[in-house]
Amino acid sequence: MAEVRLRCAPNPNGPWHIGHARMGAVIGKYADRYDGWMLCRFDDTDPATKRPSLQAYDQILDDLAYLGFKPDEVLRASDRLELYYEHARDVIELGGAYTCSCPAGEFSERKSAGEACPHRDRPIDESLAAFDRMVAGEFSAGDRVLRIRTDLEAPNPAERDWVAFRMVDEPHPREDAAADRCWPLLDFQSAIDDHHTQITHIIRGKDLQDSVARQGYLYEYLGWEYPTVLHWGRISVDEYEFPLSTSTMGERIEAGDLTGWDDPAAPTLQSLKRRGIRGAAVTDALAELGVSESDVELSMSSIYARNRERIDPIADRYFLVRDGTRLPLVGDVPATAEPPKHPTDEERGNRTIPVGDAVRIEPGDLPAHGERVWLKGLGCVRAMREALELTGDSIEVVRDGDVPVIHWVPAGGAIPVTIRMPTGDSTGLAEPSFAEVDVDDVVQFERVGFARVDSHARDESIVYFAHN
RNA sequence: GCUCCGUUGGUGUAGUCCGGCCAAUCAUUUUGGCCUUUCGAGCCGAAGACCUGGGUUCAAAUCCCAGACGGAGCACCA
């Protein structure tokens with residue numbers, strides 16, 4: 001069987017959000033499954049309206065690596081203009097393209113009416129000469145384009161004499177391409193590249209579904225065979241207030257609504273990574289959406305469930321109390337509590353919590369007067385007036401079912417923690433030994449949720465909340 | 001307006017091409033129980049779907065027609 005060759009063709013205008021990740025995840029998975037070949041091709045042919053960002057090339061490769069994939073080859077369209085020009089000349093010579101100076105609006109009206117413009121039947125030599133002047137940068141934006149001659153009576157207006165090259169005044173941000181002014185549009189560039197890189201299967205969004213018909217004319221002129229193509233529908237994600245849009249997020253960062261691409265509220269891969277979510281969990285959840293053409297809504301819980309499987313076995317447990325209420329302890333108070341770091345992995349050993357003379361517990365856990373709760377790792381206490389009294393009850397009272405087990409921190413020595421969540425920041429106090437957890441480790445705050453340790457400072461630690 | 005496409009539980013998905021074994025798969029979600037010094041972990045159980053209306057057929061999620069709803073394209077964006 002012939003090799004499966006796939007490509008992932010992002011526009012490098014920003015780091016990836018979850019929608020882009022679907023492209024990486026599905027294409028990467030397919031490449032792996034069929035032991036195929038994968039190209040990452042940066043379609044950076046619009047220096048003006050979809051202006052590439054210089055950092056994005058590497059960011060996207062990082063995003064791809066986060067998802068678990070390394071492309072076999074990386075190309076930038078902006079390096080390949082000569083190739084596109086060559087083929088453009090070929091197509092002109094075959095009578096399949098002509099240069100046109102109609103204003104866009106005017107052409108559009110003609111197109112809707114199915115009428116040819118005056119340039120359509122100009123001599124080939126004339127188009128060839130004009131195209132060379134385009135390549136030489138002798139025109140300005142809007143003055144001249146190269147159109148592919150298709151069928152003006154094609155039922156779908158999207159197919160009719162589409163633009164293959166146009167002039168762009170703005171220099172490309174990449175230095176190597178900054179002098180070029182004549183740029184191909186996606187349908188042309190992508191068609192040429194897909195053929196040259198021998199792509200066997202194109203997988204892309206249905207926003208490009210009409211490209212098959214458009215590019216079909218080009219492939220016909222050149223005598224090439226079109227790859228197999230699959231389209232998927234729109235993806236949306238629950239739990240996020242921000243749309244899956246690079247430009248919108250860029251604006252919100254600019255406006256200060258987001259602290260950056262890795263803000264927990266941003267639906268980006270950088271954000272998920274910072275929250276301690278494993279790329280493989282994202283990939284699996286996204287790949288499971290498949291390639292159906294219907295629109296899909298991804299539940300973040302699907303990513304969380306897959307991440308939980310991965311991090312639950314490795315996350316050490318700690319106590320963290322939010323909005324803690326301070327309560328003195330009375331009775332026979334032990335010096336330390338020593339709950340295990342992990343409920344099933346005993347080899348990790350125990351934490352040591354100096355108890356002191358008071359604890360903090362969450363308001364929702366506060367027992368009514370006279371009721372008992374079990375402070376995990378410490379023992380059973382009964383709520384007195386303004387204090388908790390150690391009762392000395394054995395664990396049997398928990399097994400009997402009347403005494404809930406709750407988490408707590410000592411009132412002295414607890415570590416202030418800022419918890420950064422998609423819904424905003426929150427604060428809490430963690431048990432003292434949390435200070436020793438390495439940055440970048442993922443922990444489970446018992447009964448609160450999983451979080452990645454982002455930084456430790458003298459006065460506070462910062463964690464990014466993953467999910468519960 | 002023109003042209004494409006889609007519609008299976010809350011979410012996603014299998015099944016649709018080649019009608020029957022589909023009183024519809026799996027995951028997530030919600031939920032009951034057990035276990036457990038947390039649990040969102042583990043084990044056992046439960047809930048919840050074929051867009052609507054016609055037609056063809058012994059038999060339709062699957063084929064045909066119509067409609068509804070949803071989406072995409074008709075850019076000198078990708």
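Which helix contributes the largest share of the negative patch? In this predicted model, for which local features need pLDDT of at least 70, side-chain atom pairs count only at pLDDT 80 or more, and totals for chains, interfaces and linings use all residues, side-chain values use heavy atoms, with hydrogens and water left out. Residues are numbered from 1 along each chain as its sequence is written, while chains are lettered from A and ligands numbered from 1 in the order in which they are written.

The largest share of the negative patch, four residues, comes from helix 3 (residues 81-93), where helices (H or I, at least four residues) and strands (E, at least two) are DSSP runs numbered from the N terminus.

Strand 6 (residues 163-167) is largely enclosed by the rest of the structure, because four of its five residues are buried, where buried means under 20% relative accessible area, exposed over 50%, and partly exposed in between (1.4 Å probe, protein chains only). Strand 6 runs antiparallel to strand 5 (residues 145-148), to which three bridges join it, and it also pairs in the antiparallel sense with strand 7 (residues 182-184) over three bridges; two strands pair if DSSP finds at least two bridges between them. Arg 166 of strand 6 is the bridge partner of Val 145, and Arg 166 also stands opposite Trp 183 in strand 7.

Strand 25 (442-445) is covered on both faces, with Val 442 and Gln 444 on one side and Val 443 and Phe 445 on the other, all of them buried. Strand 12 (residues 316-318) pairs with strand 25 in the parallel sense over three bridges, and Asp 316 stands opposite Val 443. Four bridges join strand 25 to strand 26 in an antiparallel arrangement, in which Val 443 stands opposite Ala 451. These two strands form a hairpin with three residues between them, and Arg 447 in the turn has a positive phi of about 65°, although Arg 447 is not a glycine. Arg 447 is partly exposed, with a relative accessible area of 47%.

A positive phi, near 55°, is also found for Gln 198, a residue other than glycine. Gln 198 belongs to the loop between helix 6 (186-196) and strand 8 (201-205), and at 52% relative accessibility it counts as exposed.

Finally, seven strands form an open sheet of mixed pairing in the order 21-18-19-20-14-17-22. Strand 21 (405-406) and strand 22 (409-410) stand at the edges, each with a single partner strand, so one side of each is left without a neighbour in the sheet.
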